[in-house]
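Biologist: I am new to this model and would like to go through it by question and answer. Please begin with the terms.

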Amino acid sequence: MKHIIVIFLAVMAICFTSCAQGEKPVKYNTTICDSELSQIFNEIKSTRSPENKIEFQDFSKYDLLDFISSTTDENLLSLTVCSEKLSDDDVLEIISFVRAKNIPVIFICQSVDNKVLATYDKAFCITTDYVYAAEVFAGDMFARWRDGSIVDRDENKIFSFTVLKEETSPPYLDTFYKLLVENLEIYGIPLQLNEEVFPSTEEVSGILEADKATNEGFLIFSDDILNAAVESYQPIGEGLELFSIYRGTANKYADYSDGKICYIDYLQYFAARDEIIKNYTNRLYPLSELSFPVNNKTVYIPPTI
């Protein structure tokens, strides 16, 4: 909690010194990125500037509230919170503090109920619609099953598969897994789950090798397991065999030929945020004419299949 306040006081001291020297104060936006999302921070930190402050913290709701409530700097233009561990109640409390500053607050990487966002006209959310992503990915798998890109190895017209995941997964992965299977069934693919396993990365290669003869495919719901699988898997033959979802700042699996990955581009979250801030700065409605789909006060970053 103290480290955020120290950061803020340092910023205030710089602003005060500039004013004392007759310089025009710099108006700036602040992004606070949760330490659990280090991949995002490592990519966006290069965009730091006096107008674009980026902090990397292991913060709680109370750290954020302390930061916001202690902020009296009139040069702060907006606050972006990049986190996946805040509940709607937490977000509502943060909004109640930001409202007094009369600046936009943008929540990135988690879904926020539109009823919560509606409590403040300058509160917005940027996320991915994983319901839609699962539906689109299932449709792509169905098309590939039908045209033979996914090989029915025993010709029984049943898609047999093994699931590899972590015992405790982020909510978005559990949602995507559940809805992907539901949508595959809706499309009419007979399914047979052979096994659901929770391997370490060292165990991935052995599991894939042992199970590949009895599976048409493997569904993977973990970044670490996916990376280990792509590095070690030797496909049984022609066709797609590994299926997963991956979020990152670069699609490192774009050219992977033995599977199909549903890719979510983190950098698009910040491209959408920048469009919102630009509209607000230009005195336009923040969500007007964005390059991304909008539903109420939520901007959705579409998946790449």
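Modeller: Helices (H or I, at least four residues) and strands (E, at least two) are DSSP runs numbered from the N terminus. The model is predicted, so local features need pLDDT of at least 70 and side-chain atom pairs pLDDT 80 or more, while totals for chains, interfaces and linings use all residues. Residues are numbered from 1 along each chain as its sequence is written, and side-chain values use heavy atoms, without hydrogens and water.

Biologist: What share of the contacts in the chain with a separation of 6 or more comes from residues 24 or more positions apart?

Modeller: A contact is a pair of heavy atoms within 4.5 Å. Among contacts with a separation of 6 or more, the share from residues 24 or more positions apart is 64%.

Biologist: Which class of angle describes H6 against H7?

Modeller: H6 covers residues 130-147 and H7 covers residues 171-187, and their axes are 8 Å apart. The packing angle is about 40°. Residues that meet there include Phe137 and Met141 in H6, and Phe176 and Leu180 in H7. Angles under 35 degrees are roughly parallel, over 145 roughly antiparallel, 65 to 115 roughly perpendicular and the rest oblique, so H6 against H7 is oblique.

Biologist: Where do the axes of H8 and H9 lie, and how far apart?

Modeller: H8 is residues 201-211 and H9 is residues 223-232. Thr201, Val204, Ser205 and Leu208 in H8 meet Asp224, Ile225, Ala228, Ala229 and Ser232 in H9. The two helices pack at about 50°, and their axes are apart by 9 Å.

Biologist: How many residues has the largest nonpolar core?

Modeller: Such a core is a set of buried Ala, Val, Leu, Ile, Met, Phe, Trp, Tyr and Cys residues joined through side-chain atoms within 4.5 Å. Those with the most contacts inside the largest one are Ile126, Met141, Phe176, Leu180, Phe221, Ile245 and Tyr269. Beyond four places in sequence, the contacts of Ile126 include Ile106, Ala272 and Val299. The number of residues in the largest core is 47.

Biologist: Is Thr162 buried or exposed?

Modeller: Thr162 is in strand E6, residues 159-165. Leaving aside neighbours within four places in sequence, its contacts include Asn194, Val197, Gly217 and Leu219. The relative accessible area of Thr162 is 0%, so it counts as buried.

Biologist: How is Pro235 classed by accessibility?

Modeller: Pro235 is in the loop between H9 and strand E9 (242-248). Apart from neighbours within four places in sequence, Pro235 is in contact with Lys212, Glu241 and Asp258. Its relative accessibility is 27%, so Pro235 is classed as partly exposed.

Biologist: What is the phi of Glu289?

Modeller: Most residues other than glycine have a negative phi. Glu289 is in the loop between helix H10 (266-281) and strand E11 (294-295), and is exposed at a relative accessible area of 80%. It is not a glycine, yet its phi is positive, at about 50°.

Technical notes: Axes are lines fitted to C-alpha atoms, for helices over the stretch in contact, and angles run from 0 to 180 degrees between N-to-C directions. Buried means under 20% relative accessible area, exposed over 50%, partly exposed in between (1.4 Å probe, protein chains only).
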